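The following exercises concern a single protein chain. Each task is followed by a solution in steps.

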Amino acid sequence: MTDMILDRIRRMRTLLAETKKQEVSMRFRLNLYWLSMLVALIAALLLVLSVTGVFSDSQRKLGSTLDLQQQNTADRIARHTDTLTAQGISLSNMLSDELSGFLSDGNLTFDDLNNSPELIAEAEERLYYVMDTTLRTAECSGVYFILDVTANTGLETSGHSRAGLYLRYSDLSGVNSADKHTVLFRGSPQVARSKNVEMHNRWNLEFDTTLIPSYDTVINSPVDRLADGCMWTKRMPLKDTWESAMLLCVPIIDQSGAVRGMCGMELSDLYFRLSYVSSHSTYGSTLTVLTPCEEYNINLGDAMIGHSEDVYLSTDGIMSISHGKYYNTYSIEGECYLGQHRHLAVHTHDDKPLAVLTLLPESSYSRSARTSRFFWTVGFLAFFLISLGTSFYFSKIFVRPITNMLDSIQQDTVDEDQQSGIQEIDQLLRFIRERTQKQTDGGLPPNIEKLFTAFTARVSTLTSTERTILQYYIDGYDINSIAEMAFISVNTVKKHNTNINRKLELSTREELLLYIDLYRRCGRIDEISNTAKPSQEE
């Protein structure tokens with residue numbers, strides 16, 4: 001068994017040795033060498049392009065990422081605001097119906113509510129269930145209604161103090177949590193007692209309408225359709241609290257068409273942060289902002305800002321907008337953010353459109369872009385080094401045998417068994433050995449004779465100037481000597497060399513010298529010398 005294994009190993013070694021001895025044509029070797037050089041040049045070009053950031057194309061990719069996130073976020077907020085608007089209109093209709101029923105049952109007019117805390121408290125109790133139901137079904141942090149009446153018209157503040165009911169969630173831990181605690185922020189304490197609702201620690205009986213910039217606009221504007229009268233406030237602080245909110249404002253219209261107050265939903269900054277958490281991308285975390293937006297600047301004091309663990313954006317100051325090809329640049333106090341914005345089909349009380357912004361810190365993008373460019377550069381650098389090493393390897397194993405064999409032929413030191421591994425050269429060497437040993441009758445093998453005949457025919461296609469340059473090489477001159485003797489520049493000689501090599505189907509000057517030496521050794525140098533008649537003139 002062991003002998004069989006050893007025998008197989010010896011056979012494999014013999015097979016490998018024979019494979020290495022197989023001759024490969026010169027043209028194939030040179031083509032492979034030039035191909036490796038071309039690959040190395042392409043790798044170098046790719047390396048330069050990767051250093052300049054062409055392949056990473058991070059700006060376009062960032063624009064695509066921001067565009068996708070912007071579209072998803074804007075669509076989500078648009079659906080949210082549209083749903084709240086529809087629910088606000090429904091709330092207004094239900095409050096109007098209940099209020100009309102309350103006044104009708106008591107044979108009262110709306111003005112009878114003024115200066116009557118008892119009637120106001122009864123009206124609020126009757127309207128409570130509508131408010132509570134809306135709060136529990138709407139995606140908001142609070143609901144409210146304000147009636148254009150006050151409990152005491154004799155107070156100094158009666159001009160801007162208005163009765164109403166304001167229910168809010170307190171201690172929000174999640175927007176979808178079932179365990180939400182409702183508190184009474186504005187309204188009669190009688191409602192809190194009868195409905196078993198806790199009063200907010202900053203509770204007030206009535207609303208201060210000076211803190212609601214849209215109130216006068218809603219009350220004093222005639223409305224034919226509720227949808228036309230809907231508007232949002234800007235981000236506004238809630239009195240005596242650390243919180244801020246945006247309010248949806250919908251007019252309350254009685255059966256005669258008179259505006260009797262307004263109602264709507266609250267989006268607190270905490271609720272907005274919990275609802276719109278930052279999205280993660282290849283370039284870092286993006287931040288969602290809902291704000292009134294002009295063409296070139298944004299007042300962050302009016303904005304609602306989503307939650308992000310990695311991005312901090314102050315809710316104060318003016319942010320400038322610089323529009324770009326793939327994304328916009330938003331700057332404030334030396335800080336830059338990259339992003340996009342889209343206007344929604346809703347507006348504030350001062351008729352400014354609300355816009356959704358998707359922002360990414362420029363520093364985060366820069367880090368990601370540098371990392372991407374680094375990996376591209378390292379990859380193409382490795383590709384370039386491998387290609388360059390391969391070309392040097394091919395140069396060593398393909399070109400060196402030609403030059404070594406040429407030197408051996410010129411110095412007449414060719415050994416009996418010496419081979420170059422190149423088909424054409426080895427055939428000529430075998431002929432030279434046979435001729436030297438006088439083992440032939442002076443004729444050439446058919447394949448060598450064919451090679452000489454084809455080469456001689458190609459020499460006849462040279463112009464007179466090119467034949468002169470060829471004669472100089474036959475006489476043993478180098479390129480610098482030829483330039484001096486022919487009274488032309490070295491570059492011109494090189495140009496002629498290029499034409500000569502192309503017409504003779506050669507790749508290098510060394511290959512030309514090899515043919516000249518072989519013609520001389522075979523005693524046929526006159527066939528390519530200038531002593532032969534040229535076939536064409538320059």
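**Exercise 1.** Which residue lies over the face of Phe 185, and at what distance from the ring centre?

*Solution.* This is a predicted model, in which local features need pLDDT of at least 70 and side-chain atom pairs count only at pLDDT 80 or more, while totals for chains, interfaces and linings use all residues. Residues are numbered from 1 along each chain as its sequence is written, and side-chain values use heavy atoms, with hydrogens and water left out.

Step 1. A charge sits over a ring if NZ of Lys or CZ of Arg is within 6 Å of the ring centre and within 35 degrees of the ring normal.
Step 2. Arg 186 lies over the face of Phe 185, 4.1 Å from the ring centre.
Step 3. The charged end of Arg 168 also sits over the ring of Phe 185, at 5.5 Å from its centre.

**Exercise 2.** Describe the aromatic pairs formed by Phe 207 with Tyr 144 and with Tyr 166.

*Solution.* Step 1. Rings of Phe, Tyr and Trp (its six-membered ring) pair if their centres lie within 6.5 Å; planes under 30 degrees apart count as stacked, over 60 as edge-to-face and the rest as tilted. The whole structure holds nine aromatic pairs.
Step 2. Tyr 144 and Phe 207 are 6.4 Å apart, centre to centre, with 55 degrees between the planes, and the pair is tilted. Tyr 144 belongs to strand β1 and Phe 207 to strand β6 (residues 207-208), so the pair ties together parts 63 residues apart in sequence. Strands here are DSSP runs (E, at least two residues) and helices are runs of H or I (at least four), numbered from the N terminus.
Step 3. Tyr 166 and Phe 207 form a stacked pair, with 5.7 Å between centres and 15 degrees between planes. Tyr 166 lies in strand β3 (residues 164-170), 41 residues from Phe 207 in strand β6.
Step 4. Ring pairs link Tyr 144, Tyr 166, Phe 185 and Phe 207 into a cluster.

**Exercise 3.** Is Tyr 144 buried or exposed?

*Solution.* Step 1. Buried means under 20% relative accessible area, exposed over 50%, and partly exposed in between (1.4 Å probe, protein chains only).
Step 2. Tyr 144 has 0% relative accessibility and therefore counts as buried. Phe 207, at 4%, is buried, and Tyr 166 is buried too.

**Exercise 4.** Where in the protein chain is confidence lowest, and where is it highest?

*Solution.* Step 1. The predictor's confidence in each residue is its pLDDT, from 0 to 100.
Step 2. Confidence is lowest in helix α1 (residues 2-21), at a mean of 54, and highest in strand β1 (residues 142-147), at 96.
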